[in-house]
Amino acid sequence: MKEEPMDSLASPVRLRAMLAIKHLSKVKPSLNRDENRNILDDCLKCLLPLPAVQQLREEGETSQDAVQVQALHELSMQALGELMRGLLEEDPAENWFMEMVHLLEPWIFSDKEWERERALQASSQLLVAYQETVYCRLQEPLEQFGSLLGLLAPYTCSCLAASRLWAADCIFCLLQLQGQSRTMDAAEGELRGLREELKAASPEAVLTSSCQMAKVTGKFLPSTQALDLVGTIMDGMLSASPTCATAAGHWFCAVLRENGDALLNEVPDILSTIFIRMPTMQERSMRGFLLEGVGILAMFHLEAVITSLLAKPLPMDSDTSELWRALGRDDVSTLHILRLLLEKIHYPAGTEGSPSEGTAALGPLAATCASLEMLTTMHSSSVLRELLPELLCALLEQVGHTVGQDMPMPTASIRRRQLQKGQVCTVGNPCRLSMETLACTISKGLGERVAADLSKAGTWPLLESPQTHHEGVCQLARTLLPLGIITPQFIGQVLKWASSPTENLCVTGTAFISQLMCDPVLEDEKLLKAVLSLLQQQARDTNNLVQQMAARGLGNIVYGAPEQLKTHQKAVVETLFQASFVPARPEIREEGMRALTRVFKHLGTDAGPLVEDAAMHIRPFFNHDNDGLHAVAFSLFGALAGCMKRRQAFYKNQVRQSLGTLLLHLEDPNPQVAKECRTTLGLCCPYLGLRRVQAALAFHTQGSEQGKQEQLLRDVCRHLAREKPALLEGLCQAAQGHYSSPWPEIQMAAIQFTGILLEYAAPRSAGQIKVARLLSSLQTLGQDTSQEVQDVATQVAEAISKSPWGSILQEEENHGHTLPYITSLLCFGCLRPRSI
């Protein structure tokens, strides 16, 4: 048989050889199964690849030769069938039958139509032989029914009508092997009619008949074999024949639709099979069948589908995302799925936090990412509106849990599969994934404009960073509160966050509450009392950010519940006083002082006894190295001016002691500090009767550049020299007190302030300013390590020596107080010899 030519079938050698082998297989001793497998494989290789009869005609064979060749082909195929029957009779076992099927599979998948036709014919013969030998004896359903149906069903849409009919015969025989004779009677007639319709010339009509056959056949598929069918029929979806691939897709969906109720236990495995095949199935229509199959499973077993998809590793790849989006058939179904996911985003009571320190919890994070995919499929914001408050609350909680956390590691089985595929371990930022979902929810539920405003304000980067997360929460709350979607249930959840043992979530809750204090919802006395009690407690928390947000919240009471502030005045002021002046981090002190400023401005003269203590405690911060801290210190000192009308003598003394520092910082290099200082000075002027100074400050309210600041200081010093010359000595001493500042900018500002002060002061009416001592200090600064400080000190000293103050030096010498200083000044070169 092997010596026969492979380009034609010119003699009956092959069929006689196969018949001889059939008879010899019964001779004892029998060949073993491996030997029989090799013999059958050789027979297939010698028969199935022979050229088609039509090809012989095209190559010039006569009609008579063609008829003879066709007859030989038919007889040879019959001989092949007899051989397979004989081999089964000698070894009547289902596993041997399946080995013979596996030998036929490469020919069934062939891209040559005539080879597929012969393979399908041989498959039909083999099935009939199995039915009449093994099945008749065992009477047991075929365990491989699903895989065989998936293998053969797509060829009901093959290009050759003969192939379609052989495939239909195979399906009919497979159903008979299921042993369901009671229910087969009705289906048998329908299947035979559909088989006849497969002879149609129209591909559309053939596909319709094949799909109808799938519906009939799918009813007889055991649920335990559904996975086998899914796996093999997906191979058909990769068929080189487009019609067969399309038929495979329709059969796949039809079988799932007909058997969906019974497939609960198979859902994870079917989804896993679909997921594995997706990377190899890039053709759009074929992927559409896979996604439709997921949707069909979800119609019957939605929770099982969701659970299976949530088990995929994070961050989601494009295939997983596409599977999630396939579930959103419409907005109503999407909303239902979001409700189910919402339950999984919430952390169960008593299990808050991550499974391991520094790692985000996998379950809530996976549900969060799935929610993002579902939200992208929604079209109507009105449908989402009813779920929006609860969804926003859950997602903000998830952001709080995941900020600063690492991605959860995949399970051992997933890691093993990744390593087998050469994939890198999963990486990503869980907080960013949570924020993307939150941002999409806001965009879909509240409109793109709200989302755009948050992006423009930089809310998302603030939320993501553990260092600025609290500021991002405040910005988000500031946007959401006026929109009327923060329900009492939402507020109740936030209050629980603020007491959470999870530090990040505690920061999130306290920050949100601090902004909530600005909202009129706090006019509810019961709610206000609960929130204030919580903030007082949080102001003593060990977490710095929690303390800071608690202080901000207490200060915001002036916006949300101004009328109730007096009722709770003592508790609020005392707590803020502790935050501002008890040793703590600068940012906490700054927040506390800023809050006190708001509270004292609102209370005015009704401020309690702590207002005097605040005035004394605040002055040491005027020269603090932290710009924000001494800016807010000036602001708070100015706010106290409105509280001191009943304590004018006390505050007048405080202003007098602070005046030099206030004037000095009019030229502060930080524009914000200079602005706060200018405002505060204007509020303090009435206590010293400095009306013209106050007017000059008002005139220069728009001045921010260095030149304008210097002009403002000149105007102020000119008015002081005219109105309150007695103050000049103290101001000069205050300026000299800053000569030793560790910051060159402050040193230069103090030196320049001294020069301006003496420029406008009259020597005979400015108190007892010690000019020689002043010039000695300037001489020392002339040798400072900073060249800029040296230059300014030299310029100011020369200006003073040339001014009317030069004559004061002679008087001081006559009294015997300044000779050592005069000698050093001559060396310094600041004074001319004739001045001595």
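R325 and E373 form a salt bridge (a side-chain nitrogen of Lys or Arg within 4 Å of a carboxyl oxygen of Asp or Glu), with the closest N and O atoms 2.8 Å apart. The pair links distant parts of the chain, 48 residues apart: R325 sits in helix α16 (residues 318-326) and E373 in helix α18 (residues 362-375). Helices here are DSSP runs of H or I, at least four residues, numbered from the N terminus.

This is a predicted model: local features need pLDDT of at least 70 and side-chain atom pairs count only at pLDDT 80 or more, while totals for chains, interfaces and linings use all residues. Residues are numbered from 1 along each chain as its sequence is written, and side-chain values use heavy atoms, with hydrogens and water left out.

The salt-bridge count comes to 30. One of them joins E89 to K26, at 2.8 Å from N to O. E89 lies in helix α4 (residues 63-90) and K26 in the loop between α1 (13-24) and α2 (33-47), so this contact ties together parts 63 residues apart in sequence.

R432 also pairs with E464, at 2.6 Å between the closest N and O atoms. R432 belongs to helix α22 (residues 430-446) and E464 to helix α24 (residues 459-464), 32 residues apart. Shared partners join R33, D34, R37, D91 and E99 into one salt-bridge network.

Accessibility is set out below. Buried means under 20% relative accessible area, exposed over 50%, and partly exposed in between (1.4 Å probe, protein chains only).

| Residue | Relative accessible area | Class |
|---|---|---|
| E89 | 36% | partly exposed |
| K26 | 33% | partly exposed |
| R325 | 35% | partly exposed |
| E373 | 11% | buried |
| R432 | 43% | partly exposed |
| E464 | 17% | buried |

Notes. Helices (H or I, at least four residues) and strands (E, at least two) are DSSP runs, numbered from the N terminus.
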